Structures are given as C-alpha cells and as structure tokens.
Amino acid sequence: MAALPADARVLDLPVTARRRSGPDAWILELGLPEAWPRLRPGRFAMLAPADGRGPFIPRPFSIYSQPAPDRLDFLIQVLGPGTRALAALREGETCTATVPLGNGFEVQPPERPVVLVAGGVGSAPFLLYLEERAAAGAAERTWFFYGARSADRLYDRERFEAVGSPVRCSTEDGSLGFAGRVLDDLAGALDRGEVPEEARFAACGPEGLLHAFAAFARERGLDAELSLETYMGCGVGVCNACPTPTDPEGPWGDWPWVKTCVDGPVMPLRAIRF
Amino acid sequence: MSSGLLTSAVGSLELRSPLLTGSGTFGHDPAAALRFLGPEDLGAHVLKTVTPRPRTGNPPPRLVETPAGLLNSIGLENRGLAWFLEEVAPQHREAPWPVVGNAGGESVEEFVEVVAAFGAEPALAAIEINLSCPNVQGGALPFSTSPEAVGEVVAACRAATDKPLWAKLSPNVTRIAPLARAAEEAGADALTVCNTLLGLVVDWRRRRPALGQGMGGLSGPAIRPVALRLVWECRQAVGLPIVASGGVSSAEDVLQFLVAGASAVQVGSYCFRRPDGIRRIAGDLRRLLAEEGCRVRELVGSLRWPGGGAAGGGEG
C-alpha cells in the first residue's frame, strides 16, 4: 500500500490562460505561487473551480505540461458537467488543485527503449514523459503512438512532435497518419521490427483502448505500465472509492484491490487484473 | 484573541474545535489529516470503520455523483481489527488531536470485540459505533432501525469499555427519537446524527444500478436539511451531547448545526472537494464568531422554535 505523496498540497491557483485544443478540449494554464521542480510524468491533480461552480466532487487530470517552473497546464476534454465547469474558467479566475498526486511512470534508463501509446486525451501524461526522455538523451529510443477518431482529436499534435521523438499518428477515419486503430499501427510496427519488443511500454487513454492494450500486451508478453482512471472521491487515499483489482498471483495479490489514486494511477500490468 | 472561540466538548471529551472528520472520509491512518489539517482546526480525527475481520469491500464502481452530493457504496473496506491495532493505532499515539475509533460489526458480539479492543488502545480517546452503515448486508440496516437492536448493541458495548461511547444513528427511519432514547438508556455518552441516506442511481442504458453493489449511501449538501432536522429531533428527545454529520461544507452550515443542538460537527464529503476543507471552514468560523461576538459553546442548542414549543412535524 502506497502512502499519500510527500509533496501533495491543496492550492487555489489563478488561471493564467486557457486555449482551445481540437473540437472539444481546452488547455487550462494555472500559475503556481513559487517555482516547482520537474514532476514525474504521469502524476495528477484533482481540479475544481474554487467558487463552488460545477459538481461537488473534483476531477482527476494528468499533469500535462510544466512550461515554466511556476506553471502547471492541464488538457481537459469536455465530457460532462465537471469538465465543462473547468473548461469554462477564464483568465484571472481561481481553480482549486490538490497536487501533485499519484506515483507517475517508472523511470527507465536512457538506453532502454520506451514506447508510449495513447488515444485522444490519453496523451496528456506523455508530453512530460517525452520531454524527460529527450532531456536524458533518449529521444530517438522513444516512440509515441498517438491515435484518435480523427486528426482534430490528436490534441496538440505539433507540440508532441516538436519534442524530437518519433510520433506515429493514427486516425480511425484516415484523416491523418495510419488509417485505423492505434493498436493495429503498433502491431504492424512490432511485426516489422520498427519498434523493439523489449521496450518498456506505457499506455493511457479511454478505457476501451486500455482494455484492448492490456490484452494485446499480455498476448505478446510486453513489459507494460497502464495509466488508469477510475471514479475518484478524494484523490489522496482516504475514501477507498477508486479500487483497481489486483492479480492474486501478482506482487499486490494479498488484497483484492489497490487504491488507484495513491498506488497508481500508473500501475504495472502484471500487478493488476484489467 | 480568537483562542477559545472554537472550543467545545462532547461529554467529557474536550475539543479545541467543534469540527471533526466524518468516519470513512479521512482514512484509517493519520497521514492525510496531518498533511492538510492543523490541531487548531480539527477537533478530533474520527477514523474509518474497523470490523473484527478483514472486509474487502464492495465491487466498483463505488462512488457516483448526484446533485449536490454523492452516492457511495464502499462496503466498509478495512483489513480488520488485528491489522488496525498492530499497524495503524500506534501511528496515532502522537496525534495532535483526540482520535476517535469507529467500530463496525454484523452482530452484537462483533461490535463488542472491536469496542473492547478500542477501549484498551491508548491512541483512542473515544469510540463511535457505526450502527448505521447502509452498505453492508445488502442495505438491510440490521441495527440502526430498531430501538431494541440499538439498545442491545449499545448496552453490550457500554459494558465493554469505560471510554466515551458515541452511537452513530441512521437517517433511514421514520422516527429517530425512539432510537436516540434507546441509545441513551443503554448508556451511550453521545449520539452521532446521522449516517448516509440509502439511495439508488440507475444506469438506464445498461439497465443496471450505477454502483457495483446496487444501492449506496447519499451524502453531501443534498442531505443537510434532513440531517439538521434529525439533530433537532434528537435534541428534543434526549439529553445526550450530539455530534452532527450531514452535508457540512461551510462555516454557515456548522453554525446551523450548533444552533440546532450539536456540540460538534463532522465534515465528510466536503473533504473530497478539498482535503484542507476543515481548515478552511475553521478560519471562516472564527471570523463569523468574532463578528457575531459569541463562542461555539454559547450557540449550542440555542434554536428558538416558532411559538416556543417543541419541534413541530412539518410533514403533511
């Protein structure tokens, strides 16, 4: 059982800017009261408008970007009342953030290849991951498979491409890149030896993609991590509302669940039933 | 200057603040409370329910949002009494606030087993008995709906400990006064009023309940007027101190409960909105009390009912 991260805190942060991304998403830029160190990719925040607008419970979001030491950006797709209230925040308004939460992706040595797989806004934790790899001199040993229904839902695609790693886009409607599902593109790339099977794989995205990826990774014996999202009450490990089932044969097998918020949201595929 | 504004007491348990955590909303261990709350803000840390043996809890989804609140069915997930005593309780021994254990069980004997062990645990200043979780035994509400059952459990627990004993009552009853009186007569030191309201959300496309277990307990601001009414009814029925619980998310809410008769107020779901919520409410409470020129102790039970009589039934 993991504990509450030592750096987690509750902050009321000013919205410094908000910009559109794709047909249904926004980048929310929040100002921090002081400079923060770089955070592990894959950590998250619980966000809600500070004035009580929107639903009662805050929503979890991956930390998308730290473009300056005193800024945190979030990629927010409008899906329901909670995300709508956050996306409606204007510059100068205040967002309550409990942050940084969760564990983040396990650090890989620069010489080990890493393959990232995302669908839609599942890309959110991977900008920091790509930047971290580039900073370690491992950009060319890192691949990003970025899939979506259509090209306009490959949110902030140019920004991912600008980091320097190969970004392989796929769209289900064929409007950009590989025409089809992102896992079909990945399967072809593995079969042709374009990406190495001994890489560390990490996936984030809609639940359907994660389930398909989990089955795919198990079938091929890939070493993989998943960035999970469940209903969360608190985000800080106290409410027990976000259980992820554990594999009884795996390292967490002494209890049927772990807490997604503090034991994750990034979990090794071999430890969970998913 | 502001010291003393917030002090209160639940029977013999002195509190620096009337604000407590609601059981199940701030964990078993002290980590989150120590991180987000200060001893001048939090009157006591009420812990998540412990049962004699491990309970793995209910299948997900365990939480679904509702208008002004949430429906949960966690199912009292906990690793059992032995785990709590060995691994958790020692972490609370240096806590900067009183710690209240919460005991659960499916039989009188199970309640007594936990209460007796809590009574011997130096980290715990008081014991709340959870007579009212709606999420075990399929929502069958075994203890909390019958005065005889409440009396039996409370009397057995009373005999097992000298520590302050709080009976946490259910709102899922037609009349709460007989239950409050049963707890008082059986030797409870205080009442906690109330637990969650049994509710249901349906995922109509799947033709299934939205929660994995089926029904759940409703909490949050949506239930606050119901909880306030129950606190007032208990205030009329018994002389015991009352710990209120139900939808508190601001200092104004706390003041309503104090005036209606509560000596202390638990904050639950709002801790999910912001884990430092109790600290924030405490700050607002100090400001409001200073403006009003009164202290928490002076407000408790100060409600003046129209016509000067006792609570009138509003139904009908």
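Buried area is the accessible area that two parts lose on being put together, summed over both. In this predicted model, chain A and chain B bury about 3000 Å² between them. Of that area, 63% is on carbon and sulfur atoms.

**Extent of the interface**
- Chain A brings 36 residues to the contact, and chain B brings 38 residues.
- On the side of chain A, the residues that lose the most area to chain B are A:F56, A:V238 and A:W255. Together these three make up 27% of what that side buries.

**Polar links across the interface**
- There are 4 salt bridges across the interface of chain A and chain B.
- A:D254 forms a salt bridge with B:R79, with the closest N and O atoms 3.3 Å apart.
- Between chain A and chain B, 15 residue pairs are in polar contact, counting pairs with both residues at pLDDT 80 or more.

**Strands of chain A at the interface**
- The elements that give two or more residues to the side of chain A that touches chain B are β1 (9-21), β3 (44-49) and β6 (94-101) of chain A.
- The most comes from β1(A), which gives 3 residues to that side.

**Nonpolar patch on chain B**
- A nonpolar patch on the surface is formed by B:L200, B:V202, B:W204 and B:M215, which together have about 450 Å² of accessible area.
- B:L200 lies in the loop between β11 (197-199) and β12 (202-203) of chain B.
- B:L200 counts as exposed because its relative accessible area is 51%, and the cut-off for exposed is over 50%.

Definitions and conventions:
Residues numbered from 1 in each chain as written. Chains lettered and ligands numbered in written order. Predicted model: local features only at pLDDT ≥ 70, side-chain atom pairs only at ≥ 80, totals over all residues. Heavy atoms only, no water. Patch = residues over 30% accessible without salt bridge, like charges linked within 9 Å, V, L, I, M, F, W, Y side chains within 5 Å. Areas by Shrake-Rupley, 256 points an atom, 1.4 Å probe, with all protein chains shown as cover. Salt bridge = Lys/Arg side-chain N within 4 Å of Asp/Glu carboxyl O. Helix = DSSP H or I, 4+ residues; strand = E, 2+ residues; numbered from the N terminus. Buried < 20%, exposed > 50% of the residue type's maximum accessible area, 1.4 Å probe, protein only. Contact = heavy atoms within 4.5 Å. Buried area = accessible area lost by both parts, 1.4 Å probe. Polar contact = N/O pair within 3.5 Å; in protein donor to acceptor, adjacent residues only side chain to side chain.
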